[in-house]
Amino acid sequence: MRFKYSTTDPSQNEFDSLPRLPLTLNLDSNSIEVVGLVDSGATVNVLPFDVGVRLGATWNDRAAIVRLGGTLGNLNAMPLFVTAQIGGLTPVRLAFAWVKSDHTPLILGQTNFFMEYDICFYRSRLEFEVKPREA
């Protein structure tokens with residue numbers, strides 16, 4: 001499936017476009033539609049606090065053992081597994097570092113988004129392609 005690069009603000013132009021992917025996240029009986037940043041430089045998937053709450057997850061400070069780096073290094077994070085579906089593709093289980101911050105984007109990183117999907121970036125065309133990994 002191919003997707004267009006997009007911006008988060010109408011005042012931005014194509015140079016501000018990034019590979020943002022619409023997907024549906026499911027946890028137990030809760031389902032929400034979100035947009036995640038496909039980031040090949042991110043080590044892990046990152047889930048903002050409010051998204052986890054909307055999915056019905058319960059925060060546990062004792063389980064906040066995930067250590068993040070970079071600009072997120074000062075945030076507490078705990079592991080959270082959810083089912084994700086992109087369009088009509090088969091749903092997959094994704095592992096997220098659920099951070100206790102609403103000011104963080106939903107990031108789709110190497111562990112384990114890039115382990116479940118093959119991604120091709122076509123920046124010059126402002127497009128990217130997502131394919132399920134081959135068995």
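In the predicted model, strands β5 (residues 77-85) and β6 are paired in the antiparallel sense through 8 bridges. Within this pairing, V82 lies opposite L94 of β6. The two strands form a hairpin in which 6 residues separate β5 from β6, and G87, located in the turn, adopts a positive phi of about 50°. Strand β6 spans residues 92-99 and is mostly covered, 6 of its 8 residues being buried. Strand β6 also pairs with β4 (residues 45-47), here in the parallel sense and over 3 bridges. In this pairing, F96 of β6 is the bridge partner of N45.

A separate description applies to the strands β1, β9 and β8, which form an open sheet of 3 strands in that order with antiparallel pairing. Strand β1 is joined to β9 (residues 127-132) by 3 bridges, and the two run antiparallel. K4 stands opposite E127 of β9 in this arrangement.

The structure contains 5 salt bridges. One of them joins the side chains of E127 and R2, with an N to O distance of 2.9 Å. This pair connects distant parts of the chain, since E127 belongs to strand β9 and R2 to strand β1, 125 residues apart. E127 counts as buried because its relative accessibility is 16%, under the 20% limit, whereas R2, at 42%, counts as partly exposed. R2 also meets E129 in a salt bridge, at 4.0 Å from N to O. E129 in strand β9 and R2 in strand β1 are 127 residues apart, and this pair likewise links distant parts of the chain. E129 is buried, with a relative accessible area of 16%.

A further salt bridge is formed between the side chains of E116 and R133 (3.9 Å, N to O). E116 is part of helix α2 (residues 113-116) and R133 of the segment after β9, so the pair ties together parts that are 17 residues apart in sequence. E116 is buried, its relative accessible area being 18%. Through shared partners, salt bridges join R2, K4, E127 and E129 into one network.

The largest pocket has a volume of about 200 Å³. Its lining consists of G41, A42, T43, V44, V46, L68, G69, G70, T71, L72, P105 and I107. By residue class, the lining of the largest pocket comprises 7 nonpolar and 5 polar residues, with no charged residues.

Definitions and conventions
Residues are numbered from 1 along each chain as its sequence is written. This is a predicted model: local features need pLDDT of at least 70, side-chain atom pairs count only at pLDDT 80 or more; totals for chains, interfaces and linings use all residues. Side-chain values use heavy atoms; hydrogens and water are left out. Buried means under 20% relative accessible area, exposed over 50%, partly exposed in between (1.4 Å probe, protein chains only). Helices (H or I, at least four residues) and strands (E, at least two) are DSSP runs, numbered from the N terminus. Two strands pair if DSSP finds at least two bridges between them. On a 1 Å grid over the protein atoms alone, a cavity is a set of points where a 1.4 Å probe fits but cannot get out, and a pocket is an open set with protein on both sides within 12 Å along at least five of seven lines; lining residues have an atom within 4 Å of a point. Grid points are joined across faces, edges and corners, and a volume is the space filled by probe spheres set on the points. Ala, Val, Leu, Ile, Met, Phe, Trp, Tyr, Cys and Pro count as nonpolar, Asp, Glu, Lys and Arg as charged, and the others, Gly among them, as polar.
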